[in-house]
Amino acid sequence: LFTRWRKKTNPESSRARDDSLREAMGPIGLDIAASSLGFCQLQSRPDGRYRVLAKYRIDFDGERQQLLEDQGRFRSLVQQALRSKPFGGRRVCASVPPDRLRILPISYRARVENPDQEILRLVEQRLKQPAEELVVDYLPLRRHPDDEEHVVLASAAERQYIDRLLKLLTS
């Protein structure tokens with residue numbers, strides 16, 4: 001009886017549906033915590049909400065820095081996690097561990113010629129470190145045209161650390 005009510009699908013429409021699911025699938029989120037790796041992947045739904053496709057947490061012995069310096073061990077844990085649940089795709093979004101990230105509220109004059117350069121200058125000044133040694137991003141918090149001062153939330157991490165992390169994630 002059930003087969004009588006099942007909708008017949010042709011391979012072409014099935015393939016198109018698979019492609020649309022793949023497009024709606026987000027990257028695999030990776031949280032490198034102090035003693036575990038957390039993985040989560042979401043899929044956007046037509047109603048604007050999200051569905052959890054897969055999630056997994058795996059504990060590791062030792063310190064986070066030791067794990068990040070041991071490429072073979074890190075890769076083994078990642079592969080174990082990815083095999084354990086139905087994760088899809090190869091795109092990854094990793095968070096920078098909190099002990100490696102500085103978050104700074106930055107206020108600057110609204111009438112500066114180059115806001116990006118001014119924000120970098122202020123981050124350098126606050127962290128007492130040259131911008132060439134940092135990876136900096138910012139999110140505007142207050143940027144009304146009539147204000148005399150604008151405010152951003154800047155995040156900064158050491159470039160050398162970010163380069164090592166990216167190399168580890170792409171290897």
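Trainee: How many of the 171 residues of the protein, as a percentage, count as buried?

Mentor: The share is 29%. Buried means under 20% relative accessible area, exposed over 50%, and partly exposed in between, with a 1.4 Å probe and protein chains only. This is a predicted model: local features need pLDDT of at least 70, side-chain atom pairs count only at pLDDT 80 or more, and totals for chains, interfaces and linings use all residues. Residues are numbered from 1 along each chain as its sequence is written, and side-chain values use heavy atoms, without hydrogens and water.

Trainee: Are Cys40 and Cys93 buried, exposed or in between? How many disulfides are there?

Mentor: Cys40 is partly exposed, at 30% relative accessibility. Cys93 is also partly exposed, at 47%. A disulfide is a pair of cysteine sulfur atoms within 2.5 Å. The count here is zero.

Trainee: What is the make-up of the secondary structure?

Mentor: Helices (H or I, at least four residues) and strands (E, at least two) are DSSP runs, numbered from the N terminus. The protein has six helices and seven strands. Their order from the N terminus is α-α-β-β-β-α-α-β-β-α-β-β-α.

Trainee: What share of contacts joins residues 24 or more positions apart?

Mentor: Contact means heavy atoms within 4.5 Å. Among contacts with a separation of 6 or more, that share is 54%.

Trainee: Which element gives the most to the lining of the largest pocket?

Mentor: Lining residues have an atom within 4 Å of a point on a 1 Å grid over the protein atoms alone; a pocket is an open set of points where a 1.4 Å probe fits, with protein on both sides within 12 Å along at least five of seven lines. Helix H4 (71–84) gives the most, with six residues.
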